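User: I am new to this structure and would like a friendly tour. Could we go through it step by step?

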Amino acid sequence: MKTTFPNPDDILNFTLTIEPDEGMYKGGSFLFTFAINQNFPHDPPKVKCTQKIYHPNIDLEGNVCLNILREDWKPVLNLNAVIVGMQVRLTCFPPCVFGVLRLLLVQFLFLEPNASDPLNKEAAEDLRLNRDGFRRNARTAMGGGSVKGQSYDRVLK
């Protein structure tokens with residue numbers, strides 16, 4: 001996992017690259033943007049995937065569906081809480097950015113996609129009805145292929 005600050009003077013906007021080493025998305029490299037507004041920690045960070053990927057909890061525009069970014073967000077949470085769901089600790093995050101902001105549940109999304117609360121209903125249906133078929137479709141999409149007429153970005157390393 002790697003964080004990058006495109007503008008070193010702006011610690012409220014950064015990118016996070018996640019490279020799962022297990023699960024269905026193993027071997028991929030996924031880039032997320034994080035935007036923290038001035039009302040943080042009362043408002044959750046805005047998180048978006050910059051690549052088009054086949055995932056039940058990430059739509060084709062990159063919006064991420066995580067309860068911790070919506071109804072379950074609490075001001076006591078931090079960015080590290082957001083990343084814990086990814087099952088990775090963000091130890092290199094600058095302490096000046098609101099302590100240990102626990103980044104989100106993004107890694108968890110890649111280890112255990114959730115078909116119960118989808119943004120991409122087609123991917124969720126595949127996952128629910130045919131896990132092996134979903135796994136094949138996810139690998140095809142990760143390679144930059146098409147699934148059911150929709151093309152995806154290549155994210156394989």
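Analyst: Helices (H or I, at least four residues) and strands (E, at least two) are DSSP runs, numbered from the N terminus. This is a predicted model, where local features need pLDDT of at least 70, side-chain atom pairs count only at pLDDT 80 or more, and totals for chains, interfaces and linings use all residues. Residues are numbered from 1 along each chain as its sequence is written, and side-chain values use heavy atoms, with hydrogens and water left out.

User: In what order do the elements of the chain run from the N terminus on?

Analyst: The chain has four helices and six strands. Read from the N terminus, the order is β-β-β-β-α-α-α-α-β-β.

User: What share of the residues of the chain counts as buried?

Analyst: Buried means under 20% relative accessible area, exposed over 50%, and partly exposed in between (1.4 Å probe, protein chains only). Of the chain's 157 residues, the buried share is 46%.

User: Which residues of helix α3 are buried?

Analyst: Helix α3 spans residues 121–129. Its buried residues are Ala123, Ala124, Asp126 and Leu127.

User: Why are they on the same side of α3?

Analyst: The arc is that of the directions from the helix axis to the C-beta atoms. These residues lie on the same side of α3 because they cover an arc of only 160°.

User: Which exposed residues does the face turned away from the buried side of α3 carry?

Analyst: On that face of α3, the exposed residues are Lys121, Arg128 and Leu129.

User: What does the cover of the buried residues of α3 include?

Analyst: Contact means heavy atoms within 4.5 Å. The cover over the buried residues of α3 includes residues 131–142, which form α4.
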